[in-house]
Amino acid sequence: MPLEIRPVVGHEDLQRWVATRNAASSDAITVEMRALVRALEIDSVDLIAEHDGEAVGMAFLSGDPRSLEIRRPWFDVRVPAEHRERGVGSALLTEIVDRARRAGHVGLRCSAHAEDSASLAFLDRRGFSVTRSIEQVSLELDPLPVVQSQTPDGIRLLRLTDTPELLPAMYALAVSTAADRTDKLGAVVPTEADWRTYELSSPFVRLEMTAVATAEGEVVGYSVIQDLPGRAALLHRSLVVAPTWRGRGLAQTLVTAAIRDAAAAGVPRLIAIPESQFEAEVFGSLGYALCDRWLEHDRAL
């Protein structure tokens, strides 16, 4: 039986898609976002490749607000090790390119681990070029590092689990800082429903550790923390600070709150993926060190 590539239909298919993705990579962040959040995107496409009824690869073409706005959607192609070098990845990418063109997109975006020579070569042969480096930094909490961070005058630090009424004001802050985001927002102003979906709807978000900073009753910053399934670590999902409060120690205060919450919960490690030079400097100032790197790629259609 020849290779068959088809869209995912129904919950059983989605479970097979996730299992195939997990077999090909341990990137729990991407799997969780795809299966539990991006499945809500009307314009997204999940594909599964099968041979003799066995799932041998998967792919997706994103339909998030930023991808639709810039017409260069994010995609992913994954093939478990035992099924590689049989044309599965090439067939999946061909299908992705065809669907993107038919949808009127002008390009495609993806990432590959900086040390994954096979994936980098695969993308290079197919006309992709590197556009930026995505760095992951981490902080070990055992032993607990000495972190010096004084809360700025006038700032009150709350937890979202205790103050859900602050959600509309958090959304307004997210909209005002959208230009600083490179992934989920990236200068695109979403509806409040979209923002809640991408920022807070994941079942892995720790609302009791999600800190919200207010000044004179106005939300001026927040930090979203989430679990990483299968890993002894927490992830800084988002760090948002009003421009007027940058450089005044508020970002350090929010990150320090996460450090203390994680340590109190017995979590040995915190991970962050800075979305700007500002965030990179904040995490660096508190002792976070580079631990991993990916290369983002782009190709015109």
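Visitor: How much space lies in the second largest pocket?
Guide: This is a predicted model. In it, the second largest pocket holds about 190 Å³ of space. Its lining has 15 residues, and Glu135, Pro274, Ser276, Gln277 and Ala280 are the closest to the centre.

Visitor: Which elements each supply at least two residues of that lining?
Guide: Strand S6 (129-140), helix H9 (277-285) and strand S12 (289-300) do. S6 gives the largest share, with five residues.

Visitor: How does the lining divide by class?
Guide: Eight residues are nonpolar, four are polar and three are charged.

Visitor: Now the sheets. What holds strands together in a sheet?
Guide: Strands pair through backbone hydrogen bonds, either parallel or antiparallel. Take the sheet of eight strands here: it is open, ordered S5-S12-S6-S11-S10-S9-S8-S7, and its pairing is mixed. From one strand to the next, the twist averages 25°.

Visitor: How many bridges join S6 to S12?
Guide: Nine, and the two strands run antiparallel. For a landmark, find Val137: it stands opposite Leu290 in S12.

Visitor: What is the strand order in the sheet of four strands?
Guide: The order is S1-S2-S3-S4, in an open sheet with antiparallel pairing. Strand S1 (4-7) and strand S4 (75-78) form its edges, each pairing on one side only. Here the twist averages 20° from strand to strand. S1 and strand S2 (residues 45-51) run antiparallel and are joined by four bridges. Pro7 is placed opposite Leu47 in S2.

Visitor: Which strands does helix H4 lie across?
Guide: Helix H4 (residues 88-102) lies across S1, S2, strand S3 (54-61) and S4. The helix runs at about 35° to S3.

Visitor: How are two packed helices described?
Guide: By two values: the angle between their axes and the distance between the axes. For helix H6 (residues 167-176) and helix H7 (residues 192-200), the angle is about 90° and the axes are 10 Å apart. H6 is therefore roughly perpendicular to H7.

Visitor: Which residues make the contact?
Guide: H6 contributes Leu167, Pro168, Met170, Tyr171 and Ala174. From H7 come Glu192, Trp195, Arg196 and Leu200. By class, seven are nonpolar, none is polar and two are charged.

Visitor: Where does H7 lie on the strands?
Guide: H7 lies across S9 and S10, at about 45° to S9.

Visitor: One last topic: the backbone. What do most phi values and peptide bonds look like?
Guide: Most residues other than glycine have a negative phi, and most peptide bonds are trans. Now look at some exceptions. The peptide bond from Asp142 to Pro143 is cis, with omega near 5°. Pro143 sits in the loop between S6 and S7.

Visitor: And which loop holds Asp52?
Guide: The loop between S2 and S3. Asp52 is not a glycine, yet its phi is positive, about 55°. Glu85 has a positive phi too, near 65°. Look for Glu85 in the loop between S4 and H4.

Technical notes:
Residues numbered from 1 in each chain as written. Predicted model: local features only at pLDDT ≥ 70, side-chain atom pairs only at ≥ 80, totals over all residues. Heavy atoms only, no water. 1 Å grid on protein atoms, 1.4 Å probe; cavity = no way out; pocket = protein on both sides within 12 Å on 5 of 7 lines; lining within 4 Å. Points joined across faces, edges and corners; volume = space filled by probe spheres on them. Nonpolar A, V, L, I, M, F, W, Y, C, P; charged D, E, K, R; others polar. Pairing = 2+ DSSP bridges. Axes fitted to C-alpha atoms, helices over the stretch in contact; angles between N-to-C directions. Contact = heavy atoms within 4.5 Å. Parallel < 35°, antiparallel > 145°, perpendicular 65-115°, else oblique.
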